[in-house]
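I opened the notebook to look up aromatic rings. My notes follow the display.

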Amino acid sequence: MLKQILAEMYIDPDLLAELSEEQKQILFFKMREEQIRRWKEREAAMENKECLPVKSRPKKENGKSVHWKLGADKEVWVWVMGEHHLDKPYDVLCDEILAERARLKAEQEAEELRKTQSGGFTSSLKAKSHSSDLPVSGDRETQNVCTKAAEEGGPGPGGGPTPPVKEEKTPKKESVKKTQGEEIKQIDEEKTKQIYKNWKEDSEWQASLRKSKAADERRRSLARQAREDYQRLSQRGRKSGGPQNSRSGPPQPRRPPLPPKPQFLSSTGHPDKPLRHQGVTRTASSSLQEDIVHWFREEQVPLRAGYLGASDSIAPWFHGILTVKRANELLSACVPGSFLVRVSDRTRGYALSYLSDSGCKHFLIDASAGSYSFLGVDQLRHASLADLVEYHKDEPITSLGKELLLHPCGQQEGPPDYLELFE
């Protein structure tokens with residue numbers, strides 16, 4: 001089934017809906033690997049074609065070309081951010097970027113403030129110098145009279161009151177410039193500190209930073225747990241000495257002879273001729289249905305698919321060709337932990353439907369290569385469906401869930417739904 005999907009590079013939407021999130025990610029990863037493999041083959045074919053003697057094309061003037069930088073191994077040099085030991089963490093880079101932005105903004109505001117203050121100070125100096133420039137014409141006596149009148153508060157020479165004259169001292173240019181520079185520098189430092197403090201105390205920025213840190217930590221924990229689960233399962237498989245882990249073991253035995261057809265008891269307790277096409281809801285096309293039935297009879301019946309161990313009876317959890325809707329209806333009448341194994345109505349394979357506390361889950365089972373395993377990478381392979389079910393009575397299906405196969409969901413009243421598979 002997986003090879004068929006990779007060959008066509010297309011998956012039916014209804015079949016995709018039956019996959020869990022983990023299985024979807026694995027399937028998309030496999031499809032991407034297949035795309036890369038095809039691209040490499042096409043590139044190699046083009047290189048071989050270019051090696052053949054062809055007429056050299058005239059080069060265009062000012063033509064552009066791309067040259068890849070090569071590393072010490074003569075391969076294309078690639079750098080992935082975060083993998084080198086000298087790369088800075090994400091939060092440190094964020095802090096440096098924000099600090100740099102705050103510094104540039106503070107410098108810009110300080111420059112604008114400096115221009116504004118220098119313009120105002122220059123205008124005030126001009127006004128003061130203009131007011132201090134009094135006319136010096138006239139004799140000495142007139143100036144003395146003005147001074148006496150100002151001291152006594154009497155009228156001046158023109159008959160009007162003379163305002164008191166204050167002595168003004170113009171500061172030196174050097175001291176003025178020094179004082180002004182110190183004030184501007186102090187203002188710049190205060191502005192920079194305030195802006196940086198506002199950036200650090202920004203609630204949205206802090207929330208986004210916390211979320212990114214939590215997401216990174218969650219991804220690391222998931223990866224760590226997946227590695228531990230894989231190591232534990234691989235060690236368990238090696239200890240069990242199954243046929244899937246012993247590469248150098250004895251060759252696999254030949255297929256056993258076809259088992260006898262199961263005997264179905266009627267309501268009277270005697271064997272009765274099985275009824276056809278009753279209690280089975282067909283939603284797919286007749287050609288696809290017939291193809292799945294033919295595949296089961298030719299390939300799965302010799303492997304004793306659906307039988308309970310070495311006996312000649314059908315397992316209580318085995319069902320025929322069922323849709324997702326029908327499987328949900330059967331499991332809705334059961335308790336959490338119930339399960340059933342059904343033949344998929346969309347492709348050649350099986351699906352395990354499981355009832356958890358949060359609802360029904362569906363897992364695709366790969367039945368290719370004469371073994372059975374859940375669709376995914378590095379999944380344990382079992383010799384039969386019964387072995388797969390027995391194994392997952394003690395081990396959960398997914399690394400993050402607790403899907404233990406506890407209660408088989410059997411047939412309802414009426415003829416079993418797997419009759420047409422064994423006819």
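I looked up Y350 and found it buried, with a relative accessible area of 0%; buried means under 20% relative accessible area, exposed over 50% and partly exposed in between, with a 1.4 Å probe and protein chains only. W295 also counts as buried, at 5% relative accessibility. I noted that this is a predicted model: local features need pLDDT of at least 70, side-chain atom pairs count only at pLDDT 80 or more, and totals for chains, interfaces and linings use all residues. Residues are numbered from 1 along each chain as its sequence is written, and side-chain values use heavy atoms, with hydrogens and water left out.

Next I searched the whole structure for aromatic pairs and got 10. Rings of Phe, Tyr and Trp (its six-membered ring) pair if their centres lie within 6.5 Å; planes under 30 degrees apart count as stacked, over 60 as edge-to-face and the rest as tilted. W295 and Y350 have ring centres 5.8 Å apart and planes at 55 degrees, so I logged the pair as tilted.

I then checked Y307 and F422. Their ring centres are 5.9 Å apart and their planes stand at 85 degrees, so this pair is edge-to-face. Both Y307 and F422 are buried.

Which residues do ring pairs link into a cluster? I listed W295, F296, Y307, F318, Y350, Y372, Y418 and F422.

Last, I looked for charges over rings (NZ of Lys or CZ of Arg within 6 Å of the ring centre and within 35 degrees of the ring normal). R304 lies over the face of Y307, 4.8 Å from the ring centre. The charged end of K69 sits over the ring of W77, at 5.0 Å from its centre.
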